[in-house]
Structure formats: C-alpha cells, structure tokens
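User: I have a model open and would like to talk it through with you. Could you keep the answers plain?

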Amino acid sequence: MRNNNQSIGLSLLVGALVLTGVPLAQAAPNTFNTALPVPQGETIWREQLVLRERSDDGPMDREVSVQALGSVLGYGITSKLAVFGVVPYFFNKELDVTTPMGRIERDTGGIGDVSLFGRYTAYQDDFTGGTFRVAPIFGLTAPTGDSDDRDRFGELPRPLQVGDGAWDGFGGVVATYQTLQYQMDAQLLYRENGRHEGFAHGDETRLDASLQYRIWPLSLEGVSGTPGFTYALLESNLIHRERNEIGSGTDANSGGTQWLLAPGLQYITRRWVVEGTVQLPVAEDPNGDAIQDDYIVRVGFRRNF
C-alpha cells in the first residue's frame with residue numbers, strides 16, 4: 001500500500017491551513033493555505049469533514065475508504081504572525097483487499113498525528129479594493145496517533161495506521177492576490193517524513209493553485225450592511241510523493257504523481273463560512289501498483305472570534 005496514512009493526514013492538514021481572519025470573513029481555498037492574515041488577538045475555529053475513496057489496478061485490487069474530521073484552532077499573535085494547531089480524527093480507515101484467504105476487510109480509527117505550525121506575512125502590498133500577500137509556513141507533526149493497532153489478522157499495515165510513529169516536518173510559501181470580486185492563491189509545500197521502526201512514509205511535494213470568484217451578488221452597487229456572499233471555487237493540486245522506505249530499501253508500489261481539480265462553493269457571512277469541494281483526479285502517474293485517489297469530498301465551516 002502506498003502512503004495512505006500520511007497523505008490523508010496531510011490532506012487534512014492542508015485543508016485545515018485554509019484559515020483567514022480579517023474582521024469580515026473572506027473567500028479562501030478549501031484544499032490548501034491562504035496568505036491572508038489572522039488579526040492580532042483573534043481566534044479562528046475550523047471543522048472539515050473529509051470523505052476519501054482510493055484504489056489501485058494491481059492484482060490485490062485494493063480499495064481504501066476514509067472518513068475523517070480535521071479540527072483546527074488558529075490565533076493571531078501579531079498582525080503578521082499566526083499559529084495553528086490541527087487535530088485529525090479518523091472515524092474509520094478501511095482497507096478492502098484480495099489475499100490468498102479471499103477478500104478481507106481491515107479497519108481502524110481514532111485520533112491521528114497532531115500538527116503545530118506558524119505562518120508569517122513576509123510581504124504585504126495593500127491597494128484600493130485589494131491586497132497581495134506572501135507568507136512562509138513552517139511546522140511539525142507529532143506522533144500522537146496509534147501506530148501499532150491490530151485486528152484479528154495481526155498488526156495493521158503501517159500506511160493504514162492512524163499515526164506514523166515519527167516526527168515529521170513541513171514548510172513552504174503561499175501567496176494571495178485578493179480583490180473585491182475575486183481571489184487567487186498559490187502554494188508550494190514540502191513535507192519530510194521521519195522514520196519509525198524501519199519505516200518512513202515517502203516525502204511529499206505539492207504545488208497548489210486556486211481561484212475564488214464571487215457569483216452572488218455579482219455587483220456590490222446598492223448592497224448595504226454585511227450580507228452573505230457566495231463564491232465559486234476551482235482549485236488545482238499537483239502532488240508528488242516519494243516511495244515509502246522499508247528497512248534499507250523502498251516499496252516499489254508506493255508514491256507517484258497525481259493532479260487533482262476541485263470545483264466547489266463557499267457561502268460567507270461576517271463571521272461564518274460554509275464551504276465544500278469535490279477533488280477529482282485529472283492525471284496520475286503511480287509507481288507500480290500504488291493506490292491513487294478516486295475522489296475526495298470536503299465539507300465544513302470556519303468561524304472567526
């Protein structure tokens with residue numbers, strides 16, 4: 001099996017990074033980060049439900065289903081620096097696979113590996129009706145999830161565990177260009193995964209882009225007060241994963257490159273954002289019989305305090 005646990009964990013993480021906290025909640029990507037700030041002294045709470053289906057074309061005909069919730073709190077330490085904590089909870093991670101004993105199912109659940117990270121606004125250019133921001137991101141993922149869960153067949157495969165047992169680090173940069181009508185975001189992120197008991201998930205590099213366009217109301221002329229706004233989203237995620245390391249070698253049927261597109265919608269009020277996307281594969285180049293995504297559904301909300 002390829003890097004299922006780490007990619008799910010990172011999937012929750014990059015979704016959870018989408019936190020913005022200006023006095024009026026703003027549009028933002030649903031699958032990765034934004035460079036918009038969290039105001040000093042403000043807190044942001046986010047919940048995102050992730051439903052993910054994956055499969056491969058190999059002789060084992062593996063199918064993986066994941067239902068998970070990402071819980072996030074963010075806090076603005078200064079006008080430029082914000083810190084975040086991400087706690088993923090897996091309601092169920094299920095592997096359906098063909099073995100010499102026939103078709104079997106293996107599953108687990110529980111709290112996954114917790115991530116802590118900071119985001120700093122390194123460049124800011126505010127202009128009439130908009131802003132352009134660039135912010136680096138650096139963080140760590142702690143081995144808080146169970147990495148040795150068992151079922152009636154014995155210990156679960158490492159990629160199926162809710163935790164990886166190792167300390168992982170990640171870093172990158174995100175840029176945001178925002179106007180009254182639309183917003184564009186782009187992110188480059190790299191994750192280096194640690195080793196535990198001779199196993200390490202493959203390191204991951206991703207390049208993301210997003211466009212959010214206000215579709216209601218189309219014009220702000222005559223709009224008074226702070227009504228709700230509806231934005232249409234289109235996001236792109238290009239993800240490359242290295243092969244998993246096992247002992248002194250690597251798993252030939254893990255890792256690869258995948259490109260996903262994600263259409264979605266956001267409804268935004270002064271303090272609340274309700275949002276949803278569906279990520280669909282456009283192109284993929286797996287290593288061997290590595291598992292690839294069939295689709296990922298994300299629904300959730302954000303709340304500014």
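User: How many bridges pair strand 15 with strand 16?
Analyst: Strand 15 (residues 245-246) and strand 16 pair over two bridges, in the antiparallel sense, and Glu245 stands opposite Thr250 in strand 16. Strands here are DSSP runs of E with at least two residues, helices are runs of H or I with at least four residues, and both are numbered from the N terminus; two strands pair if DSSP finds at least two bridges between them. This is a predicted model, in which local features need pLDDT of at least 70 and side-chain atom pairs count only at pLDDT 80 or more, while totals for chains, interfaces and linings use all residues. Residues are numbered from 1 along each chain as its sequence is written, and side-chain values use heavy atoms, with hydrogens and water left out.

User: Which strands form the open sheet, and in what order?
Analyst: Three strands form that open sheet in the order 12-15-16, with antiparallel pairing. Strand 12 (199-200) and strand 16 (249-250) stand at the edges with a single partner strand each, so one side of each is left without a neighbour in the sheet.

User: OK, switching to strand 14. What does strand 14 pair with?
Analyst: Strand 14 (residues 229-241) pairs with strand 13 (residues 204-216) in the antiparallel sense over 12 bridges, and the bridge partner of Leu207 in strand 14 is Leu238. Strand 14 is also joined to strand 17 (residues 256-268) by 13 bridges, again antiparallel, with Tyr231 opposite Gln266 in strand 17.

User: And Asn237, is that buried or exposed?
Analyst: Asn237, which lies in strand 14, counts as buried because its relative accessibility is 0%. The cut-offs are under 20% relative accessible area for buried and over 50% for exposed, with partly exposed in between (1.4 Å probe, protein chains only).

User: Which side chain does Asn237 make a polar contact with?
Analyst: The side chains of Asn237 and Asp208 are joined by a polar contact of 2.8 Å. A polar contact is a pair of N or O atoms within 3.5 Å; within protein, one must be able to donate a hydrogen and the other to accept it, and residues adjacent in sequence count only if both atoms are side-chain atoms.

User: What else is Asn237 in contact with?
Analyst: Leaving aside neighbours within four places in sequence, the residues in contact with Asn237 (heavy atoms within 4.5 Å) include Thr31, Phe32, Arg206, Trp259 and Gln279.

User: Now the surface. Which residues make the nonpolar patch?
Analyst: Met184, Leu211, Tyr213, Ile215, Trp216, Leu218, Leu265, Tyr267 and Val274 make a nonpolar surface patch of about 880 Å². Patch residues have over 30% relative accessible area and no salt bridge, and like charges are joined within 9 Å, nonpolar side chains (Val, Leu, Ile, Met, Phe, Trp, Tyr) within 5 Å. A salt bridge is a side-chain nitrogen of Lys or Arg within 4 Å of a carboxyl oxygen of Asp or Glu, and accessible areas come from the Shrake-Rupley method with a 1.4 Å probe, where for residues only the protein chains shown count as cover.

User: Where does the largest share of the patch come from?
Analyst: Strand 13 gives the largest share, four residues, and Trp216 lies in that strand; strand 13 and strand 17 each supply at least two residues.
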